[in-house]
Amino acid sequence: MPYIPPAEPCTDAPCEVPSAAETPTAPPAAISKGNQGVVAPEPQEDAGAPPMDATAKPLPGDGVVWMTWPEQQTVSSTTWGPILTDIVRHLPASYGTQYYDSDRITYGHETTHGIHAHLRNNFTPTGKKANAFYVLKNRAAIVIEPNITKAQVAAFVPTSLRESRYATYVTGQTAWNDTPLYLWDEWVAYTNGTEVGVDLAKAGMWNTGWRDGAMGAMELTIYALAVGMAVEKLDATYFAQYTQFREFLAWSSKRAMAAYREGAKQKDFAWDKQDAYYASIRSSADAKDLRQFVRRVYGGAWGQEVLGLDVSTE
Ligand SMILES: [Zn+2]
């Protein structure tokens, strides 16, 4: 234990991006003017957000502006479980089976990329370079790209937290250098994939043995937070003014780390290597800047809840 993890998804070429010529077959979801002068989707009542309570203090992540992205097809399989079924059904049928993989975590991961590509090619604001993320239950978020390069993110990843996916996605995939939120695309794809695995394992339906099925959600959370650190420093106005970026980073970090912790407890995804990485987030001296970023932007209580950080300052 452990055996060599299977090859990473998307290691040898940028993930498929359907051309803009592939027109959507589904009606567009509701899009309207948001604040801050950017076109953003309106929050939807049925988007899975918690009910608003005027007396409750908003928590980091509560302010994400969601776009409702409904099911696009009604396919199903007895081997999928609810999470993979959700993901596959939200890919327009016109894409066929190009994202299929016999490994169900990879199938969820790759299909998530397909949904993201479809959404960013069809629903992002005119004149703005943006990315799109599908996070299950009909919820998608559009986020305008910050004005940094992906390569600039590398310096913000603590050396002790550079694991195998660092070379693959942070310093690799240079074709996406002008698209820093490519790292969030991978992050959400890994998180969705981990949720697929956790869901199947809980139901007793994960029957293909041990797999590196949880670590990616955590590792990419660190790289996603490093994107936040880079943007705070290098595109400060965007960072200060664009709520959607900060809120989605919070919301998605919380989901990814919850999925990670659940997966890490399951025998099919448990791994001493990821336990050590999780401990390093909290204790590595060179991760201090990352921890301080988290506390400064989202508060000590959030850092404790989401990343297990000590609330006290260092
Ligand atoms: Zn990927």
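Student: Is the crossing in which α1 passes α2 left-handed or right-handed?

Tutor: This is a predicted model, in which local features need pLDDT of at least 70 and side-chain atom pairs count only at pLDDT 80 or more, whereas totals for chains, interfaces and linings use all residues. Numbering starts from 1 along each chain, following the sequence as written. Helices (H or I, at least four residues) and strands (E, at least two) are DSSP runs numbered from the N terminus, and a crossing is left-handed if the near helix is turned anticlockwise from the far one by less than a right angle, right-handed if clockwise. By that criterion, the way in which α1 passes α2 is left-handed.

Student: At what angle do α1 and α2 pack?

Tutor: Residues 81-89 form α1 and residues 104-122 form α2, and their axes, which are lines fitted to C-alpha atoms over the stretch in contact, lie 9 Å apart. The two helices are therefore roughly parallel to each other, a class that holds angles under 35 degrees, with over 145 being roughly antiparallel, 65 to 115 roughly perpendicular and the rest oblique. Taken between N-to-C directions on a scale from 0 to 180 degrees, the angle is about 30 degrees.

Student: Which residues of α2 do I83, L84, I87 and V88 meet?

Tutor: Two residues are in contact if their C-beta atoms, placed from the backbone, lie within 7 Å. The four residues named belong to α1, and their partners in α2 are R104, Y107, G108, T111 and T112.

Student: Which residues of α8 make the contact with α5?

Tutor: The helices α5 and α8 pack at an angle of about 25 degrees with axes 10 Å apart, and that makes α5 roughly parallel to α8. Their crossing is left-handed. The contact is made on the α5 side by M215, M218, E219 and I222, and on the α8 side by Q274, Y277, Y278 and I281.

Student: Is Y278 exposed or partly exposed?

Tutor: Y278 lies in α8, residues 272-283, and its C-alpha atom is separated by 9.8 Å from that of M257, 21 residues away along the chain. A residue is buried if 20 or more other C-beta atoms lie within 10 Å of its own, and exposed if 12 or fewer do, with partly exposed in between. Because Y278 has 19 other C-beta atoms within 10 Å, the class is partly exposed.

Student: Why is strand β4 largely enclosed by the rest of the structure?

Tutor: On one side of β4 lie A130, A132 and Y134, on the other N131 and F133, and both faces are covered. The strand spans residues 130-134 and is largely enclosed because, of its 5 residues, the number buried is 5.

Student: Which residue of β5 is the bridge partner of A132?

Tutor: Strands pair if DSSP finds at least two bridges between them, and β4 pairs with β5, residues 139-144, in the antiparallel sense over 5 bridges. The two strands form a hairpin with 4 residues between them, and L136 in the turn has a positive phi of about 80 degrees. The partner of A132 is I142.

Student: Against which helices do the buried residues of α9 pack?

Tutor: In α9, residues 288-298, the buried residues are L290, R291, V294, R295 and Y298. Their directions from the helix axis to the C-beta atoms cover an arc of only 135 degrees, which puts them on the same side of α9. On the other side, K288 and R296 are exposed. The buried residues pack against α5 (215-234), α7 (243-264) and α10 (300-307).
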